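Reader: I would like a close look at one part of this protein, namely the aromatic pairs and the strands and loops around them. Please take it slowly and give the cut-offs as you go.

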Amino acid sequence: LRSIPFGHTLHLRGGTYTGAFTSTLVGVTIMPYQDERPIIDGSLAIDGSDCTFEGLEVLNSAWTTRWTDQIGSAPTDIPYAARGGSAIDIFAPRTTVKNCVMHDTRQGVGMWAGAVGSIIEGCLFYNNGWDAPDRTHGPCLYTQNRFSPAMTIKNNCFASTYSGVALHAYTEGGWMWHYRFDGNIHNNLWSLFTGYTHGIDD
């Protein structure tokens, strides 16, 4: 797969792909073949830049409960996605995740500091997260950023996550700068956006 030329398209056949996957492709579009439905049961970490992931469904079928007696963000009895803990974790710049569905995972998308200029567009998030004695956990989208170009989050539907939060930015000493938000909606959540940072910049 690493030999796919920049600018080409990789079509995924329908079916369930189980595991913790990492993409190192660069400049490639990954999307379903015709009207087929590819499902990732596990997680996807994106390390290659300038790629578009379109029309994918990501879930985790390993759940046995949505309650844990352990506090904190890394309980050992809750299904864990590799790397950043999300259905899709973006570590590479200029990545687009478009028209995808993320559900029944720890959290939907991790949009990390290396993902400058990335876009989340037209996605559906629902039924992510878990409950614990300290609080509920698992936002639809977790993000942090310091540098431009801006990260863009637009035209997404955030629904029914256990944390009650659509988009969470908590930088742990980092930054939350350079974002564009447009046309996002949330359903059955108490907050569209929460976070803590040194400052917010447009």
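This is a predicted model: local features need pLDDT of at least 70, side-chain atom pairs count only at pLDDT 80 or more; totals for chains, interfaces and linings use all residues.

Author: What follows goes from the model itself to the aromatic pairs, then to a strand beside one of them and to the sheet. Residues are numbered from 1 along each chain as its sequence is written, and side-chain values use heavy atoms, with hydrogens and water left out. The protein chain has a mean pLDDT of 85, with 81% of its residues at 70 or more.

Three aromatic pairs turn up in a search of the whole structure; rings of Phe, Tyr and Trp (its six-membered ring) pair if their centres lie within 6.5 Å, and planes under 30 degrees apart count as stacked, over 60 as edge-to-face and the rest as tilted. One of them joins W112 and Y142, whose ring centres are 5.3 Å apart and whose planes stand at 35 degrees, so this pair is tilted. Because W112 belongs to the loop between β10 and β11 (119–121) and Y142 to strand β15 (residues 141–143), the pair ties together parts that are 30 residues apart in sequence; strands here are DSSP runs (E, at least two residues), numbered from the N terminus. W112 is buried at a relative accessible area of 15%, and Y142 is buried at 13%, where buried means under 20% relative accessible area, exposed over 50% and partly exposed in between (1.4 Å probe, protein chains only). Y179 and F181 form a stacked pair, 5.6 Å from centre to centre with 10 degrees between the planes. Of these two residues, Y179 is buried at 4% relative accessibility, whereas F181 is partly exposed at 42%.

Strand β10 (residues 109–111) holds V109, which is buried at 0% relative accessibility. Leaving aside neighbours within four places in sequence, V109 has contacts (heavy atoms within 4.5 Å) that include Y142, C140, L141 and F125.

As for the sheet, seven strands form an open, parallel arrangement in the order β1-β3-β5-β8-β11-β16-β19, where two strands pair if DSSP finds at least two bridges between them. β1 (9–12) and β19 (179–182) stand at the edges with a single partner strand each, so one side of each is left without a neighbour in the sheet.

Terms used
Helices (H or I, at least four residues) and strands (E, at least two) are DSSP runs, numbered from the N terminus. pLDDT is the predictor's confidence in each residue, from 0 to 100.
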